[in-house]
Every structure is written in structure tokens, then in C-alpha cells.
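Please look over the sequence and the structure before reading on.

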Amino acid sequence: MNPATSGGPTGSEAASYERRRWQALGVGLVAAFMTLLDISIVNVALPSLERALRADPSDLQWVLSGYALSFGLVLVPAGRFGDVRGRRNAFVFGIALFTLTSALAGLAQSPGWLVAARLLQGAAAGVVNPQVTGLIQQLFAASERGRPFGWLGATIGISTAIGPLLGGLLIAVGGPEHGWRWVFFVNVPVGIVAVVLGWRLLPGRVTPRGAQRRFDPVGVLLLGVGVTLVLLPLVQREQWPGATKWLLLPIGLAILTGFVAWERRYARHGPPLFDVRLFRHRSYTLGSMIALLYFGGFTAIFFIFTLYLQNGRGYSALVAGAAITPFALGSAVASAVGGRLVNRYGRPLVAVGLVGVVTGLGLAALAIELAPKAPVPWVTALPLLVAGIGSGLVIAPNQTLTLTEVPVPQAGSGAGMLQTGQRIGSAAGIAVVGAVFFSALADGADAWSRAFERSLLTSAAIIALALVAATVDIVGNHRRTTSGRPTGSEQAPRSH
């Protein structure tokens with residue numbers, strides 16, 4: 001039964017259902033934490049992995065970028081599969097594959113073996129994540145989604161920020177030779193439990209069997225090729241010399257334009273892979289833009305911070321991970337709070353969060369400038385706490401507002417497209433901020449600190465663009481309110 005459409009059961013059944021849906025959400029959050037953690041946890045393991053497997057820089061780049069690439073490729077098709085065939089089926093398959101490939105990655109005996117395992121692991125993560133978001137759309141009515149999306153936002157923020165710390169701890173315990181293997185092995189017992197609980201607790205198929213249509217293979221192909229061509233030059237920016245690789249970007253964008261045209265045509269005959277009419281809703285369009293830009297600046301922070309602390313200042317992997325803890329704590333607390341406040345304040349809450357992140361990053365850069373010889377983890381702790389609090393008020397509230405008008409039968413594909421934009425934003429942000437970072441290393445005296453400061457300011461500038469998009473939405477909502485029309489956040493999803 002879908003409470004978003006029926007209001008849920010009553011009496012003692014209501015209490016049982018309430019408990020069961022929060023248990024299902026808990027399983028989903030654990031799975032989301034695992035899959036998102038593996039984006040950042042591997043960063044601190046690269047030095048020991050390089051020594052153990054005799055990996056070259058190209059291998060290391062694919063260990064990192066291969067996961068993100070395959071992750072982004074399957075999000076929308078996997079979300080659509082969950083919409084049509086049942087989220088439980090897709091979730092359990094994805095977690096089982098993620099658990100298996102995590103074990104294979106931990107057992108790797110060569111760089112090629114590890115890269116192949118990471119590609120499959122990323123694809124499995126891409127299957128899982130849209131099911132979690134779609135599950136929230138399915139189990140909770142629009143007015144109830146702020147709280148579960150708040151918990152999901154906390155999960156995203158914590159997993160991204162705490163990855164280096166957990167990786168450092170595992171390497172310290174496992175030793176420099178084999179500690180990197182435990183970065184992958186830690187997923188195995190958790191994944192097994194998630195498979196069992198997911199099958200027991202997640203709701204089964206909600207779409208009637210007679211309603212199934214073709215799966216739009218042409219749309220899958222166009223989207224996959226387009227996203228690949230956009231992401232490849234971004235994730236391989238250091239390994240592919242020359243400017244020729246950037247020609248893939250306009251080709252990829254042209255193919256994605258073709259994907260949009262195909263989806264419009266396909267929608268006349270049956271449910272498309274992704275209903276492009278969702279972009280007619282300003283809440284979805286601007287929310288997706290905010291997510292793309294925010295993840296472009298947000299993800300790059302941890303990439304450059306880890307490099308600066310370990311390579312530039314000589315800190316251990318454990319200390320480098322611990323230095324990011326203030327951001328993680330601030331993000332976790334603010335995400336839970338933001339989920340409760342989003343229905344009251346709407347997009348202005350997201351704007352406040354974006355201001356907090358930009359301010360925190362600017363203060364961190366200023367702290368390094370004013371105290372270049374001081375212990376970095378101490379002087380950046382408070383600024384990163386401010387940025388983390390701001391981040392918590394961005395991710396979860398923005399996701400809630402962005403998906404407000406997405407019908408439940410399209411929740412998986414709608415969330416998949418949103419997350420695809422996040423992955424593209426992350427890759428583009430790391431490429432841009434990384435280019436600023438490495439170019440500044442040639443500046444001479446105290447180059448590492450100078451590079452870190454410039455990179456922080458670049459990340460802040462990217463996030464400031466997300467603030468512009470949020471402001472456009474706020475102004476638009478204000479005009480609609482004064483004209484007597486409901487805003488996007490006030491309208492109920494069409495499936496209701």
C-alpha cells in the first residue's frame with residue numbers, strides 16, 4: 001500500500017506500517033551510505049594501494065574515476081527499472097552486486113583486476129541510489145518527505161566527508177601493506193545484512209503487471225553514450241594530454257540533445273525512460289541546476305583538502321581524514337534540522353545554506369593565509385563547521401523541493417536524472433578546481449598553501465552560482481505568490 005496515495009492504514013495496522021516504512025528507510029540509508037562512501041574513502045588509500053599493486057598514475061585515476069563514471073551511467077535506467085519492476089528487486093540486486101564487487105576489489109592482485117571491480121562496483125551503486133530516493137517518494141506523502149529527505153541528506157553529507165577519516169582508520173589498523181583492502185572488505189558484512197533486510201522490509205512491485213511497456217532501449221543507449229562522452233574528458237583530464245579530448249564534450253552534449261528529442265517522441269507511444277516534461281516544473285529544473293552546481297563545488301573540497309594535507313603538509317591519512325570531521329558533523333546535524341524546516345521555509349532555506357558554505361570556505365582560505373604555519377586541522381575546524389552546517393541546509397532541502405512535483409510512478413527515473421546531474425557536476429568541479437590547484441603549485445614559495453587557498457575560493461565561486469539559481473527560484477516564487485498562483489513547493493505532485 002502506498003500512503004502517498006491512500007493515506008495509509010489505520011489503527012494498530014497504522015502503527016505497524018509506520019514502523020515498517022521507517023525500517024525500510026533505514027535499510028535504504030545504510031545502502032546509500034555504503035555506496036556514496038566509496039566515492040571518497042578510496043582517496044586516502046591510493047598511496048598504499050599504489051605500492052602494493054605497483055599501480056601507475058593511469059591505474060590510480062581509473063580506480064577513482066571508473067567508479068564515478070559507471071555510477072553515473074546507470075542511474076536513470078536503474079531508476080526507471082525500479083519504477084516499473086519494483087524497487088525491492090532493483091535494490092536487492094544492486095546491493096548484492098555491490099557486496100560481491102567490494103569483495104573482488106579487496107582481493108585484487110593487479111591494477112587491472114581492481115579497476116574492473118571498481119567499474120562493476122560503481123554500476124551497482126548506481127542501481128541502488130535511485131531506489132532509495134524513489135522509496136521515499138513512494139512511502140511518504142509530499143508533506144512528510146522533508147524529514148526522510150533530511151536523513152538522506154545527512155547520509156550524503158556524512159558519507160562524503162567521513163570517507164577519508166574511515167579510510168585512514170582502516171589503513172592504520174590493517175597496516176600499510178594490506179590496509180587498503182579493508183577499505184573494500186568493510187562493505188561485505190554490511191551488504192549481506194542489507195540484502196536480507198531489504199528483501200524483508202522494502203515494498204514489492206507497485207506497478208500493475210499489465211501496465212508494463214517496452215524499456216526504451218534507444219533512450220538508454222543515447223543517454224549512456226552522451227553521459228559517457230561528457231564524463232570521460234573530465235575524469236581523464238590528467239591522463240589524456242592535449243586539448244583533443246575536450247571535443248568529446250560538445251559531441252556528448254549533442255547526443256544528450258538527441259536523447260531529449262527521442263524521449264519527447266517516445267512519450268507519445270508509451271512511458272519513456274525519462275519524462276522530459278518534468279523540466280517544465282521550475283522546482284525540478286532549478287533544483288537540478290542547484291544540485292549540479294553545488295556538487296561541482298562541494299565534492300572538489302575533499303579532493304583538494306586530502307592532497308594538501310597529505311602531500312603538501314605531510315599529515316597522515318588518519319589526520320587528513322579527521323580534519324574533515326567538523327564538516328561532517330555540521331552537515332549531519334543541519335541536514336536533520338533542514339529536513340524538518342524545508343516545508344516551512346522552502347527555497348530560502350537552501351539559499352541560507354549556500355551562503356553558509358561560501359562563507360565557511362572563504363574563512364578557511366583566510367585562516368590558511370593568516371596562519372600559514374599553524375596546524376591546518378585546528379585553524380580550519382571552525383570554518384569547515386560553518387560550511388558543513390550550510391551544506392546540511394542545502395542537500396536535503398533542495399532534494400525535497402526538487403522532487404516535490406515528480407509523480408510517484410516516475411520517482412526513480414526523476415531522482416536518477418537528478419543524481420546524474422550531481423555526478424556530472426562532481427566530475428566537472430573536480431576537473432576545474434583540480435586544474436586551479438595544480439597550476440598554482442608552480443607559483444614558487446609556499447605553493448601548496450597558495451594552491452589550496454585558490455582552490456577553496458574557486459569551489460566557493462562555483463557554489464555561488466548555485467546561490468544565483470536559488471535566488472531566481474525565490475524571486476519566481478515570490479512573483480507567483482503575489483499574483484495569487486501557488487508556488488512549486490505548494491503544489492501537490494500530480495500522482496496525488
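A residue is called buried when its relative accessible area is under 20%, exposed when over 50%, and partly exposed in between, with a 1.4 Å probe and protein chains only. The model is predicted, so local features are described only at pLDDT of at least 70 and side-chain atom pairs only at pLDDT 80 or more, while totals for chains, interfaces and linings use all residues. Residues are numbered from 1 along each chain as its sequence is written, and side-chain values use heavy atoms, with hydrogens and water left out.

**Confidence**

The predictor's confidence in each residue is its pLDDT, on a scale from 0 to 100. The protein averages a pLDDT of 83, and 92% of the residues score at least 70. Helices (H or I, at least four residues) and strands (E, at least two) are DSSP runs, numbered from the N terminus. Among these elements, helix α1 (residues 3–6) has the lowest mean pLDDT, 46, whereas helix α5 (residues 87–106) has the highest, 94. The pLDDT is below 50 over residues 3–8, a stretch that has 17 contacts in the model beyond near neighbours in sequence, a contact being heavy atoms within 4.5 Å. Residues 488–496 also have a pLDDT below 50, and this stretch has 24 contacts beyond near neighbours in sequence.

**The nonpolar cores**

A nonpolar core is a set of buried Ala, Val, Leu, Ile, Met, Phe, Trp, Tyr and Cys residues joined through side-chain atoms within 4.5 Å. The largest such core has 104 residues, and F91, Y294 and F305 are those with the most contacts inside it. Helix α11 (residues 282–312) supplies the largest share of this core, 16 residues. Another core, of 22 residues, lies apart from it and includes V42, L46, A108 and A117. Not counting residues up to four places away in sequence, F91 touches V27, G28, A31, V128, Q131, V132, A194, G198 and L202.

Helix α18 (residues 411–440) is mostly covered, with 24 of its 30 residues buried. At 1.5 Å a residue, its 30 residues should span 44 Å, which agrees with the 43 Å between its end C-alpha atoms; the expected span is taken as 1.5 Å times one less than the number of residues.

P130, in helix α6 (residues 111–139), is buried with a relative accessible area of 0%. Leaving aside neighbours within four places in sequence, P130 is in contact with L75, A78, G79, G412, G416 and Q419. The C-alpha atoms of P130 and V76 are separated by 7.7 Å, although these residues are 54 residues apart along the chain.

D83 is placed in helix α4 (residues 57–85) and counts as buried because its relative accessibility is 3%. A polar atom of the D83 side chain lies 3.0 Å from the backbone nitrogen of S413. The loop between α3 (46–53) and α4 holds R54, which has a positive phi of about 55° although it is not a glycine. R54 counts as exposed because its relative accessibility is 74%.

**Salt bridges**

Side chains of opposite charge can pair when their charged atoms come close. Here a salt bridge is a side-chain nitrogen of Lys or Arg within 4 Å of a carboxyl oxygen of Asp or Glu, and by this rule the count comes to eight. Three of these pairs are set out below.

| Pair | N to O distance |
|---|---|
| R87 and D83 | 2.7 Å |
| D473 and R347 | 2.6 Å |
| E369 and R450 | 2.8 Å |

D473 in helix α19 (residues 447–482) and R347 in helix α14 (residues 347–370) link distant parts of the chain, being 126 residues apart. D473 is buried because its relative accessible area is 3%, and R347 is likewise buried, with a relative accessible area of 3%. E369 in helix α14 and R450 in helix α19 also link distant parts of the chain, 81 residues apart. E369 is partly exposed, with a relative accessible area of 38%, and R450 is partly exposed at 32%. Salt bridges that share partners join R282, R347 and D473 into one network.

Definitions and conventions
Polar contact = N/O pair within 3.5 Å; in protein donor to acceptor, adjacent residues only side chain to side chain.
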